[in-house]
Amino acid sequence: MTNRFLFTAFSRDRVGIVADISRVIYENGYNLEDSSMTYLADEFAILLLLSAPPSVPETEVMEKLAAECRRLEREKNITAYIRPASKEPPTSGNNSVRR
């Protein structure tokens with residue numbers, strides 16, 4: 001089974017944010033499966049669904065991506081978080097917000 005992760009990042013909007021985040025994905029050999037981006041009140045936010053090869057343990061991916069999140073904050077002023085995506089199938093056939 002493929003390891004999947006949710007990567008969330010936000011920053012004051014500027015040129016190059018997507019390139020900075022994409023570089024992390026590419027350099028670590030992960031795949032981008034889906035994305036959502038928005039711009040609110042001069043802030044840019046992005047939510048990505050990433051996957052890693054099944055041969056790489058989830059803990060290794062989490063450690064590597066957590067380090068990358070800290071680096072993005074330190075070097076690029078991009079706040080980023082990572083967590084494993086749910087392995088449970090959706091309970092309904094739509095993508096609406098559950099309440």
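Helix α1 (residues 17-27) lies across β1, β2 and β3 in this predicted model and runs at about 15 degrees to β3. Helices (H or I, at least four residues) and strands (E, at least two) are DSSP runs numbered from the N terminus. Angles run from 0 to 180 degrees between N-to-C directions, with axes as lines fitted to C-alpha atoms, for helices over the stretch in contact. Helix α2 (residues 58-76) packs on the sheet and touches β1, β3 and β4, contact meaning heavy atoms within 4.5 Å.

The sheet is open, with four strands in the order β2-β3-β1-β4 and antiparallel pairing. Because β2 and β4 (79-84) stand at the edges with a single partner strand each, one side of each has no neighbour in the sheet. Two strands pair if DSSP finds at least two bridges between them. Strand β1 (residues 3-12) is joined to β3 by 10 bridges, and R12 has E43 as its bridge partner in β3. Nine bridges join β2 (residues 31-40) to β3; these two strands form a hairpin with two residues between them.

S51 is found in strand β3 (residues 43-52). This residue is buried, with a relative accessible area of 3% (buried: under 20%; exposed: over 50%; partly exposed: in between; 1.4 Å probe, protein chains only).

Residues are numbered from 1 along each chain as its sequence is written. Local features need pLDDT of at least 70 and side-chain atom pairs pLDDT 80 or more, while totals for chains, interfaces and linings use all residues, and side-chain values use heavy atoms, leaving out hydrogens and water.
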